[in-house]
Amino acid sequence: MTTDPKPDYSEQTQWMLRIRDQRDKRAFAQLFGFYAPRLKGFVMRAGAPAAQAEDIVQDVLLTVWRKAHMFDPARAQVSSWIYQIARNRQIDVIRKEARPVPEALAIDDETGEDPDGAEVMALEQETDRLRDALAKLAPAQREMIERAYLGELTHTEIRDATGLPLGTIKSRIRLGLDRLRHELKELR
Amino acid sequence: MTHPISHHLPAEVIASYAAGSLGQAYSLVVAAHVSMCDTCRAELAAQEAAGGVVLEAIGAASVSAGLLSRTLDRLDDPAPPEPAPPARNGVYPAPVMAALKGRLPKWKAVGGGVKQCVIGGDRDGISRLLFIPPGQAVPDHGHNGLELTLVLQGGFSDATGHFDVGDVEVADAALDHVPTADPGPPCIVVAATDAPLRFNTFLPRLLQPLFGI
């Protein structure tokens, strides 16, 4: 898995693939430049004081570096992957107890690879659509969505905070999972 | 997966898990169900994609000048040792084994052949494994809030339907149900409640404080 990142992937995906495949520190610095301020803004909105926020930002981005081998752009965008790491980190800090996480799907180097990048591109396009949908929401509705994903709403409050169309991205991810299950079965 | 799962988690419960606002006990049942169900795994990934979009769209805050170089300096540090997470063991998915700290459950009898093993809990709720002999009903009980019950072995039925391995029942305070285990292998479930189960018959209610259920 040392192929060069596809040029039509987003910058973020290209940085992350260089980190994963070439352990490229320049790419890490670029990724840091993009995500560190956003992460800091995010964890401060979620209640962390500024000093602690920078510790969390550093922890999250170090985790990105160390766990880069687990990054699979056909299954999650960089933003989604960093969101998961940030939520886990913040919850572990608050609760001092690891959050229960689902079983990982066994990804072995060559399996789960998407040779022509079609799945990666499709997922990027679906994520762009979500980004547009968020930008087009009325301010009050957008505020509710932000609060939901910052972890400020209970599940019953989230039920009423509709707005982001997740149906197509969900089917897209589901197809990828089916393909992966099929490949894993053939390996056995 | 040997047969299709027909009872799934509601999207808002998965969204709440993704966002970190769901309590530890419920999060355990969500993580266990997602381990068994690709429909809900895809739902979770979609919710996390939305979370990533929000993360990118929320206002950025400038970071201290030295943070990048301090972080770069640490890239070659040895990674802190992380004990390998427990793997699935028999009917118990990995997150349940993690809650059990890698050991199989130590059951405690609660009457009628039903056994339980409390595996986690905090102010927000309690998670437990229940072992229900074939044909046995779990004592008539209500609960004060959300109850999530995931079948790990066997199956059960109540007024709302039939639940097989991998199915999750979502009940609220309004549902007073009497789950009855299927004939065949004993039914094992992992359940989370936000409050102690309140049994509606006199004796179990009297014993409730003793057993912590």
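Let me start with B:Glu147, which stands opposite B:Thr193 in strand S10 of chain B, and six is the number of bridges that join strand S5(B) to S10(B), residues 187–193, the two running antiparallel. Strands here are DSSP runs of E with at least two residues, helices are runs of H or I with at least four, both numbered from the N terminus, and two strands pair if DSSP finds at least two bridges between them. This is a predicted model, in which local features need pLDDT of at least 70 and side-chain atom pairs count only at pLDDT 80 or more, whereas totals for chains, interfaces and linings use all residues. Residues are numbered from 1 along each chain as its sequence is written, chains are lettered from A and ligands numbered from 1 in the order in which they are written, and side-chain values use heavy atoms, leaving out hydrogens and water.

S5(B) is also joined by 4 bridges to strand S8(B), residues 168–171, again antiparallel, with B:Thr149 opposite B:Glu169. Because 6 of the 7 residues of S5(B), 147–153, are buried, the strand is largely enclosed by the rest of the structure; buried means under 20% relative accessible area, exposed over 50%, and partly exposed in between, with a 1.4 Å probe and protein chains only.

Turning to chain A, the buried residues of helix H8(A) include A:Ile169, A:Gly176 and A:Leu184. Seen down the axis of H8(A), the buried residues fall within an arc of 105°, so they line one face of the helix, the arc being that of the directions from the helix axis to the C-beta atoms. On the other side, A:Leu175, A:Lys185 and A:Glu186 are exposed.
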